[in-house]
Each structure stands twice: as structure tokens, then as C-alpha cells.
Amino acid sequence: MFQVIGGRSVQAVRLLAPRSAVLVEAVRGRKSRTDPVAKSKEGRIKVPPPVDPVEMVVLKERYTEYKLIMRALRLEFKEEVLRKKYEEETGSQAEERARQEAEEHRALMAWNNEENLRMLKARILRVQKEAEEAERKKIEAAIQREQEQQEFIKEKEREILRLQEEVKNFITMENLDQRIEEALDNPKNYNFAVDKEGRVIKQTVLQ
Amino acid sequence: MPRYELALILKQMQRPETAAVLRRTVETLMERGALVRDLENLGERQLPYRMTKHNQRHSRGTYFLVDFYAAPSMLAGLLDHLHRDVDVVRPTVLKKDAQSSIWTSLSFLEDVSPLI
């Protein structure tokens, strides 16, 4: 009949629950459907609370009126909301707005495409220029390398010629004695000082 | 081949003996495959300090400069040989750079280019 609240048994619930007792309800916990009625409840007849007819009539009228008004208001509001929604989607303004938006979109897309084309052209030009630059640089580098190689070869050739000249002055078995005599006859002295022009100003004397 | 310079300090000797030492040094060099370029005499002079070699104290010596082209592998053997030579007071082998050669020849004095 009534609902169980929490606790294990009816008595415990009644003890734990507050005195204002909205939560506490009676519970068919101990007895089942088939148990006989208690002795103290044998002749009990359940009687509903007494009702004053006049009062009931008045109350009923007032309640119907009240409910009518409230229902009407509620439905009015609902209808308003629906109407607004409907107008939003398929009203006279909606078409105009949709058209305008479509126009705008088209215009923007067109502008975007223009921009893309412009940038594409600029990019192509730029890339071309860079490619040309790179080509030129490569060619220049190649020429530079060539030149350097040539220089190198020339330098080496000059060195070889110089050495070939100097070989004539080298010491061999034949001129060994002669060179020794020459060296012993001409002592060299490297102890000199030079000024900024490269002239010798001082020289130590060889003892 | 790299270019080396042998700064040789010889004992104070008479001229024929010095010539003999020089001759045998250059011959050793050439035997070991060096190409002797030039032989210079820096004179007989007082040594900067007294040097002892082969149980002899030297205060005067003759300086010679031999530049030659040689393989690096023969230098160790050459120096060993020179250390054992009784008449040699101090052998020193130095490498010659392309730049340092400007100082050994006096040709730079004929150049007009400034030093600095």
C-alpha cells in the first residue's frame, strides 16, 4: 500500500525518520496478503473524509475555470513559439535573406578565386625568376671552378719551371768538392736588421 | 718530397778535415736518397754556450746549413748516424715551409714589396 523507506523494518524506520513524518509511511512488512485481520481491526470500515457539497460545487467550478484559463494561456504561448519558428523558416523575410546570403557567398567565392589567380600568377613569376637565378649561379660557379682549376694548373706549371731552373744549382757528386770549397770560402751572415723598406741597416761582424 | 734543413755544428778543425766531414755528410745524405740543394757556411764562431759531445767540451764551432729534399722516413736514421759522428757537435734537422724559405735566400731584399 505504502512505500518502504530505507531501513530494515517498519519500527526502525519510524524511529529514525523525523517527527513531521512526510517520509514515514506504513509498510506491509510483517504480514502478508493471506494473513487474517488483527483482532483490534475486526469491525473496521474505512470511511473517506466528509465532503461539503456546496463547497465542492463551487470549488469544482472555480477549478475548471482556472484550468481552462491556464490551459488556454499555455497553448497560446506554445502556438506563438511555433508560429515564430515557422515564420523564421518559411516567412517572407526568409527568402530574401536566403537570396542575399547566396549572393554574398557567390561574391566572396568569386573574390577568393580572383585572389587565388593573382597569387598563382605572382608565384609562377617568382618561381621562374628563382629558377633563372639558380641557373645563372650554377653557371657562374662552374665558370669560377674552371678558372680556379686553370689557375691552379698554371701555378703548378710555374712551380715546375722554377724547380727546373733551380735543379741546375743542386749539389751532385761531381760538384760536391767544388761546392764545399766554395762554402768554406764564403761564410754567410744572417744577423742583420732591416728597416721598413727592406734595406739592411745593421749587421754583426763575423769573427 | 718535403724540404728539410740540416743545421750542422762541427768541431773546431782545420780546413781539410772540415771539408772531409762535409763531404762524408753530404755523401751519407745522398746515399739515403736525399737531393741536396745547397750548402751554406755560417762561419766559425763562438758557441752560445759550451756544449759537450763525445766526451769533449766545445766552446767554438763551425756552423753549416744544408738544405735538401728527403723522404721523412729516413730522417731518424740520418740523425742517428750524425749523432754517432765524432766530429759533429750538434745536428739539427728542421722542416722548411714554403713561407720560411723567404728568409734563407736574400732575394726578398731585391723585392720592392713592403714587409708589413
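**Group meeting talk: helices, salt bridges and a chain contact**

Hi everyone, let's start with a pair of helices. In chain A, helix 2 (residues 53-90) packs against helix 3 of chain A at an angle of about 35°, and their axes are 5 Å apart. Please keep in mind throughout that this is a predicted model.

Which residues make that contact? Helix 2 of chain A brings E87(A), E88(A), E89(A) and T90(A), while helix 3 of chain A brings S92(A), A94(A) and R97(A). Sorted by class, the residues of this contact are one nonpolar, two polar and four charged.

Let me step back to chain A as a whole. Chain A has four helices and two strands, and along the sequence they come in the pattern α-α-α-α-β-β. How much of chain A is buried? Of its 207 residues, 8% are buried. Now take the contacts in chain A with a separation of 6 or more: residues 24 or more positions apart account for 5% of them.

On to the salt bridges, for those of you who like charges. Searching the whole structure over all chains turns up 25 salt bridges. One of them pairs R106(A) with E103(A), with 3.3 Å between the closest N and O atoms. Are the two partners buried or exposed? R106(A) is exposed, at a relative accessible area of 53%, whereas E103(A) counts as partly exposed at 42%.

Chain A also has a set of charges that are joined up. There, E133(A), R136(A), K137(A) and E140(A) are linked in a network of salt bridges.

Now have a look at R23(B), which takes us from one chain to the other. The side chain of R23(B) forms a salt bridge with that of D177(A), at 2.6 Å from N to O. Why does this pair join two chains? R23(B) is in helix 1 (residues 15-31) of chain B and D177(A) is in helix 4 (residues 176-185) of chain A, so the bridge runs between chains. R23(B) counts as partly exposed at 26% relative accessibility, and D177(A) also counts as partly exposed, at 39%.

R23(B) has another partner, in its own chain. It forms a salt bridge with E27(B), where the closest N and O atoms are 2.8 Å apart. R23(B) and E27(B) lie four residues apart in helix 1 of chain B, about one turn of the helix. E27(B) is partly exposed, with a relative accessible area of 23%.

That brings us to the contact between the chains.

Is T62(B) buried or exposed? T62(B) is buried, because its relative accessible area is 8% and the cut-off for buried is under 20%. What does T62(B) touch, leaving aside its neighbours within four places in sequence? T62(B) is in contact with L8(B), I9(B), L10(B) and K11(B), and also with N41(B), G43(B) and E44(B). Take I9(B) from that list: T62(B) and I9(B) are 53 residues apart along the chain, yet their C-alpha atoms are separated by 5.5 Å.

Definitions and conventions: Residues numbered from 1 in each chain as written. Chains lettered and ligands numbered in written order. Predicted model: local features only at pLDDT ≥ 70, side-chain atom pairs only at ≥ 80, totals over all residues. Heavy atoms only, no water. Salt bridge = Lys/Arg side-chain N within 4 Å of Asp/Glu carboxyl O. Buried < 20%, exposed > 50% of the residue type's maximum accessible area, 1.4 Å probe, protein only. Contact = heavy atoms within 4.5 Å. Axes fitted to C-alpha atoms, helices over the stretch in contact; angles between N-to-C directions. Nonpolar A, V, L, I, M, F, W, Y, C, P; charged D, E, K, R; others polar.
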